[in-house]
Amino acid sequence: MASLLLTQPLTATNISKSPLSGGAKPKIKPLSRRSSISCMATEVPDQPPQQARKLDRRNVLLGLGGLGAAAGLHSDHPFAAIANPVLPPDLSTCHKPTGLPTGVDTKCCPPYSGTIIDYVPPRVPTLRVRPAAHSLSKKNIEKYNKAVQLMRELPSDDPRSFTQQANVHCAYCNGAYDQVGFDPKVILQVHNSWLFFPFHRWYLYFYERILGKLIGDPTFALPFWNWDHPDGMRMPNYFTDKSSALYDEKRSNAHQPPAVVDLNFPQDKVTPPDEQQVQENLSVMYNSMVSGAKIPLLFFGSEYRAGTSSGTSAGSVERVPHTAIHVWSGSEKDREPNGEDLGNFYSAGRDPLFYSHHSNVDRMWNLWKAIEGGKRKDISDPDFLNAAFLFYDENARLVRVKVGDCLDSKSLGYVYERVDLPWLHNKSKSSKTKGKAKSVAMGIGAARAASGKRVALTDFPIKLTDSPVSVVVARPKKARSQKEKEEEEEVLVVEDIGFDHELAVKFDVYVNDEDAPGPDNAEFAGSFGNVPHKVEHGAQHKLSLTLGITDLLDEVGADDDDSIVVTLVPKQNYPVTIGSIKIVLAS
Ligand code: C2O
């Protein structure tokens with residue numbers, strides 16, 4: 001049986017009883033009042049000085065939520081302003097998701113079990129190697145198909161059945177779980193924060209092990225949809241074979257093979273020739289993995305501690321290409337009003353393609369750490385490491401897993417097949433030095449950019465609807481030395497983004513080019529995107545967009561300037577409000 005793997009208690013220090021015993025509600029011991037009032041980290045008593053300093057720095061530098069995110073709590077709430085990991089849900093209180101699209105009625109709670117085991121990944125003699133989906137052998141395609149077929153055939157109340165596996169996503173992403181110990185109800189939401197990578201890693205881990213068990217092959221490894229490589233930029237063919245268990249009817253008609261995936265979807269221009277689309281995709285990858293993801297905050301997304309219903313900003317890969325592929329793959333609205341299946345959180349897990357999509361997302365985590373000779377590190381904040389989830393394993397046992405135990409995929413028994421990374425050195429050139437390329441790549445975006453307007457920072461908050469908006473933003477420091485650039489990343493922060501979370505809202509951001517020449521230009525800073533999902537209790541949670549621009553400024557020759565022109569280019573004509581824009585330095 002599993003032993004206790006956890007070196008630190010999972011629960012916050014103020015929980016006196018594990019919430020994991022028999023689904024019983026944890027008891028919350030009230031803390032002394034003096035530790036529960038402050039919003040400024042520097043004033044938080046009982047914090048080790050180092051942690052207090054760290055939090056303070058984040059708040060001051062980034063204002064990305066930090067302890068401010070806890071401001072929604074009652075000030076006398078025991079958790080207010082106290083650092084806490086997000087706890088695993090209490091299955092006994094799972095309820096109908098509060099975040100379903102209007103008109104959709106579905107349940108997604110898992111079967112209840114009163115016994116929870118602290119999970120210890122079994123030692124494996126050899127690592128499983130997750131293969132690239134597009135180069136899977138015929139034999140392995142059959143195996144994958146067979147495994148999913150068997151999963152589909154399990155009774156729907158078996159937690160390992162395909163129905164229940166699909167429900168896992170809905171439950172953790174559409175408000176079926178409340179956070180243990182919080183009142184008024186605060187839901188658990190694993191997107192738009194640092195929980196994004198670890199949650200999906202564990203989710204796929206058990207999905208893979210269940211499939212392996214069903215076909216009696218513990219070496220079964222989940223293929224990854226290699227959308228970052230030109231050879232893998234189409235939906236793998238066998239997913240679109242109607243007789244296959246890997247087929248899902250609720251997908252985009254327009255994006256069936258041989259359509260090349262658009263990693264920055266949606267864009268409001270005519271689909272470019274394949275070759276150009278591939279090039280744009282590689283640029284998007286470079287932006288999300290290399291130039292725009294130099295520090296953990298930018299790659300993983302914002303912090304997310306117990307007590308709030310979501311983080312405040314998604315990491316670079318979660319935003320693009322992850323979100324883009326969801327929306328690109330899901331049905332067109334005239335067929336499925338909510339973009340089912342992949343185009344909406346509640347239904348995304350119903351498409352087998354979801355798991356191979358996320359296998360590649362998960363692969364990005366390994367690759368990100370390998371870039372720059374291992375200089376890039378995982379987050380070491382205890383609230384990240386101690387956050388925990390519940391899943392059913394391949395033996396239908398309910399297990400508790402911790403973020404800190406999944407940082408290295410090898411410790412979970414798997415690695416990824418090595419394939420070329422054509423995006424790794426795919427640095428974009430400035431549109432101004434590219435001359436002609438600029439006019440070719442622009443499409444409708446440019447025509448609209450011409451009708452865009454300049455606003456002043458004092459005009460914020462602003463509405464972004466159907467035309468681009470440009471604003472001059474001051475930099476905290478100009479002409480930074482190489483050392484300074486290595487120590488601190490310059491981060492463009494678009495704050496308080498208000499929008500209807502049920503819509504695939506999208507806008508692109510450019511620096512010093514109001515023509516918005518496309519993602520294949522150095523002026524492209526990144527995009528904001530949203531996989532539609534309703535937000536709980538009708539409240540429209542506001543998010544931030546954080547974009548690393550140190551490399552960009554070098555490339556466009558702007559590092560000696562006091563300020564830059566930031567252009568926001570809406571892509572879907574959905575109304576968005578922007579609270580403010582600023583530039584900060586962060587490490
Ligand atoms: Cu949980 Cu791709 O989303």
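Predicted model: local features only at pLDDT ≥ 70, side-chain atom pairs only at ≥ 80, totals over all residues.
Local features need pLDDT of at least 70 and side-chain atom pairs pLDDT 80 or more, while totals for chains, interfaces and linings use all residues. Numbering runs from 1 along each chain as its sequence is written, and side-chain values use heavy atoms, without hydrogens or water.

An unreviewed UniProt entry assigns the feature "binding site" to His 169, His 191 and His 200; such annotations may be inferred rather than shown by experiment. These residues span 32 residues of sequence but cluster in space, with a largest C-alpha distance of 10.5 Å.

His 191 lies in the loop between helix H3 (162–173) and helix H4 (196–214). His 191 is buried, at 0% relative accessible area (buried: under 20%, 1.4 Å probe, protein chains only). Beyond four places in sequence, its contacts (heavy atoms within 4.5 Å) include His 169, His 200, Glu 318 and Phe 345. The His 191 side chain also makes a polar contact with that of Gln 189, at 2.8 Å (N or O atoms within 3.5 Å, one able to donate a hydrogen and the other to accept it). His 200 sits in helix H4. His 200 is buried too, at 3%. Its contacts beyond four places include His 169, His 191 and His 358.

The largest pocket has a volume of about 630 Å³. Of its 25 lining residues, Asn 366, Leu 367, Ala 370, Ile 371 and Leu 421 are closest to the centre. Helix H9 (353–370) is one of the elements that supply at least two lining residues. H9 gives the most, with five.

Definitions and conventions. 1 Å grid on protein atoms, 1.4 Å probe; cavity = no way out; pocket = protein on both sides within 12 Å on 5 of 7 lines; lining within 4 Å. Points joined across faces, edges and corners; volume = space filled by probe spheres on them. Helix = DSSP H or I, 4+ residues; strand = E, 2+ residues; numbered from the N terminus. Buried < 20%, exposed > 50% of the residue type's maximum accessible area, 1.4 Å probe, protein only.
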